[in-house]
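Please read it alongside the sequence and coordinates.

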Amino acid sequence: MRTKAQIAACSTTLEARFRAVRALSADLVAPLSDADATVQSMEDASPAKWHLAHTTWFFETFVLRDHVPGYRLHDARFPFLFNSYYEAEGQRHARARRGMVTRPSLDEVMAYRAAVDGALVDALPTLPDAALTLIELGCHHEEQHQELLLTDILHLFSCNPVEPAIWPGKRKIPVEMPGPMRWIEGVEGVAEIGAQGDGFAFDCEGPRHRVLLHPHALADRTVTNGEWAAFIADGGYSEPRHWLSDGWAWVKAEGIEAPLYWEQRDDGWTRFGLDGRRAIDPAAPVTHVSFFEADAYASWAGARLPTEAEWEVAASGHDPVGGNQLDCAGPVEPRPATGGPAFFGDVWEWTGSAYRPYPGFAAAEGAVGEYNGKFMSGQCVLRGGSCATPRGHARASYRNFFYPHQRWQFTGVRLAKDL
């Protein structure tokens, strides 16, 4: 049983983390109008207002409702509006129609956040360990939504014909192109992957288990915009020979000719970012590419995508809080690599691995057990974190996952090859 001093110390640390996470979300939406925060640009994306309310619903539902005697919901309508996919929590508003929720307003959603924040902080000293664990999960859950906030806002603003900048960008200073890719020989034989130790990890990151690695090597950096432009110039999107069948069908059906947000103008390729439209930086990592594109590029380059086991074993010796990651609100984007191999930040790296359960995986009981396990079908694993991932959120065992055609996230490519 914990002492009073231990309870107080735990509450203080968790309160500081909770407040910091909640404050960053508010900072990310500060430039938005109520209209900006309401519109939904596609089914894969959600309105900013919905992200703000959904993460609040998570804390209200699983912590306050379930662990604070006598707590009354802030608004009885909100569970239907802001539940995402938890079947155990009952009916919910259709995902594709989240942009139709013009009321409550952004101000009302922010008031909802403030009310829940106050109630949770007041309750912290008396909450049981199970509730404290859920608060920690809720903070990591909100950090995931902070990245989604940025990528969904970017997609929304890219659909605006005037392509407005969300934040003013700094003047770009040209840097030298990185040298040719170098290859890092990987571990061969039996290795272990998966979460370990006492730190936080999502359920899908475990159990830790053994894997067999064959002779291989990984590139010491990710593919750059300049290298991707060469792929385009060499007919990368117009010839089927490097594409998977599903990927080629996607290219033809959608008219794909370049990474998302790229546009060719008189003076060359440009990209749309959180700071508006600018010329691509040829030295920066390419981003907003799908698994289909990543796999085709790897084939064109005479390589392949790494498996998630190869990636994790190689990355485990690198600092997960290093690199270009999200520290504060602003126009984040991948930056040119400097200072040797880096496995964290800039872009999520597609792997060649399907998102499936590890040996011995079992989903948690109750609604929170729906968090990851039920999505282990038809998706591909990405590793490493991006420029929009809150610093400290990712780790070597972290498994992100998206469908092969999706590319509105900050996704990129690290090559691998067999030896």
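Helices (H or I, at least four residues) and strands (E, at least two) are DSSP runs, numbered from the N terminus. The model is predicted, so that local features need pLDDT of at least 70 and side-chain atom pairs count only at pLDDT 80 or more, whereas totals for chains, interfaces and linings use all residues. Residues are numbered from 1 along each chain as its sequence is written, and side-chain values use heavy atoms, with hydrogens and water left out.

**Cavities**

- On a 1 Å grid over the protein atoms alone, a cavity is a set of points where a 1.4 Å probe fits but cannot get out, a pocket is an open set with protein on both sides within 12 Å along at least five of seven lines, and lining residues have an atom within 4 Å of a point.
- Grid points are joined across faces, edges and corners, and a volume is the space filled by probe spheres set on the points.
- By this rule there are 3 cavities of 30 Å³ or more, and the largest cavity has a volume of about 60 Å³.
- Helix α6 supplies the largest share of the lining of the largest cavity, 3 residues, and the lining as a whole includes L32, D36, D152, I153 and L156.
- The second largest cavity holds about 40 Å³ and is lined by P47, K49, W50, F82, R98 and V101.

- Strands β6 (268–273) and β7 (276–279) are the elements that give two or more residues to the lining of the largest pocket, with β6 giving the most, 3 residues.
- The second largest pocket has a volume of about 830 Å³, and among its 34 lining residues Y85, R95, L148, F401 and F402 lie nearest its centre.
- The lining of the second largest pocket takes its largest share, 6 residues, from α6, and it draws at least three residues from each of domain 1 (4–159) and domain 2 (183–418), the bounds coming from an automatic or database domain assignment.

**Helix pair**

- The axes of helix α7 (residues 225–233) and helix α9 (residues 291–300) come within 11 Å and cross at roughly 80°, where axes are lines fitted to C-alpha atoms, for helices over the stretch in contact, and angles run from 0 to 180 degrees between N-to-C directions.
- The contact (heavy atoms within 4.5 Å) involves E227, W228, A230 and F231 of α7 together with E293, A294, A296, Y297 and W300 of α9.
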